[in-house]
Amino acid sequence: MKKKIKTQCAECSFPPFERICITPGGKASKGCPTIGKKTLVKRAKKEYQANPTAEFARQASIQEGECYSEREKRPYVLHPIKPRFLEIIEFAQKMGYNHLGLLFCIGLAKEAEEAAIVSQLFTNHGFKVTSVVCKAGGVPKEEIGIKEEEKIFIGGHESMCNPIAAFYTANSYYSWLNK
Ligand code: SF4
């Protein structure tokens, strides 16, 4: 039986611009999905042809390009000019979104404070924001099989991280679940 080679893009041995996924005719490491997963890539390509994914991918690519300056210069040297936050705002505007979901981690107090700042910044830019913390629901860790000695606060209540509930809460797509 032919041995399956695992995909390991994280360990690709070539510099980015020498790779076949970046440069046509470029090099490929062992298990390269660009070479070995053509059917899968074709299937994904088909999905990008149907809206709303098609428009989402197109606008995301336009946004990516607009985050670099002097793109007409040759030879070109990558020159990023926009912070991620601005990228998100511009992309959301391009897509016509007016309501954003902000999911954040309570684990780092600093990040929780920053979530309030980020939420305010989005609001200042005219977006309605629904923000949900990872611990939403307050579900005890015991419910996912965690033993007392596996908790941080041994002997006390400890809420599990609940990204699924956070996602459902923040995403208006799933608003029917709130009923
Ligand atoms: S797709 Fe291929 S060339 Fe690109 S990083 Fe993965 S292994 Fe390397």
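Colleague: Where does Asn162 lie?

Modeller: Asn162 sits in the loop between strand S2 (128-133) and helix H6 (163-170). Helices (H or I, at least four residues) and strands (E, at least two) are DSSP runs, numbered from the N terminus. This is a predicted model, in which local features need pLDDT of at least 70 and side-chain atom pairs count only at pLDDT 80 or more, while totals for chains, interfaces and linings use all residues. Residues are numbered from 1 along each chain as its sequence is written, and side-chain values use heavy atoms, with hydrogens and water left out.

Colleague: Why is Asn162 called buried?

Modeller: Buried means under 20% relative accessible area, exposed over 50%, and partly exposed in between (1.4 Å probe, protein chains only). Asn162 has a relative accessible area of 11%, so Asn162 is buried.

Colleague: Which residues is Asn162 in contact with, leaving aside neighbours within four places in sequence?

Modeller: They are Cys134, Ala136 and Val139, where contact means heavy atoms within 4.5 Å. A polar atom of the Asn162 side chain also lies 3.5 Å from the backbone oxygen of Ala136.

Colleague: What makes Glu158 count as buried?

Modeller: Its relative accessibility is 4%, and therefore Glu158 counts as buried. Glu158 is in the loop between S2 and H6.

Colleague: How do you know that the side chain of Glu158 makes a polar contact with the side chain of Lys141?

Modeller: A polar contact is a pair of N or O atoms within 3.5 Å; within protein, one must be able to donate a hydrogen and the other to accept it, and residues adjacent in sequence count only if both atoms are side-chain atoms. For the side chains of Glu158 and Lys141 the distance is 2.6 Å. A polar atom of the Glu158 side chain also lies 2.8 Å from the backbone nitrogen of Ile152. Beyond four places in sequence, the contacts of Glu158 include Val139, Pro140 and Phe153.

Colleague: Is Ser119 buried or exposed, and why?

Modeller: Ser119 is buried because its relative accessible area is 16%. Ser119 belongs to helix H5 (residues 109-124) and touches Leu102 and Val129, not counting residues up to four places away in sequence.

Colleague: Why is Glu70 called partly exposed?

Modeller: Glu70 has a relative accessible area of 40%, so Glu70 is partly exposed. Glu70 lies in the loop between H3 and H4, and its phi is near 55°, a positive value in a residue other than glycine.

Colleague: Which residue does a cis peptide bond join to Pro75?

Modeller: Arg74, with omega about 0°. Pro75 is in the loop between H3 and helix H4 (84-95). The peptide bond from Asn51 to Pro52 is also cis, with omega near 10°, and Pro52 is in the loop between helix H2 (38-47) and helix H3 (53-66).

Colleague: How many residues of the shell around the ligand are nonpolar?

Modeller: The shell has 6 nonpolar residues, 1 polar and 2 charged. Ala, Val, Leu, Ile, Met, Phe, Trp, Tyr, Cys and Pro count as nonpolar, Asp, Glu, Lys and Arg as charged, and the others, Gly among them, as polar. Among the residues around the ligand are Cys9, Cys12, Cys21 and Cys32; a residue is near a molecule or strand if one of its heavy atoms lies within 4 Å of it.
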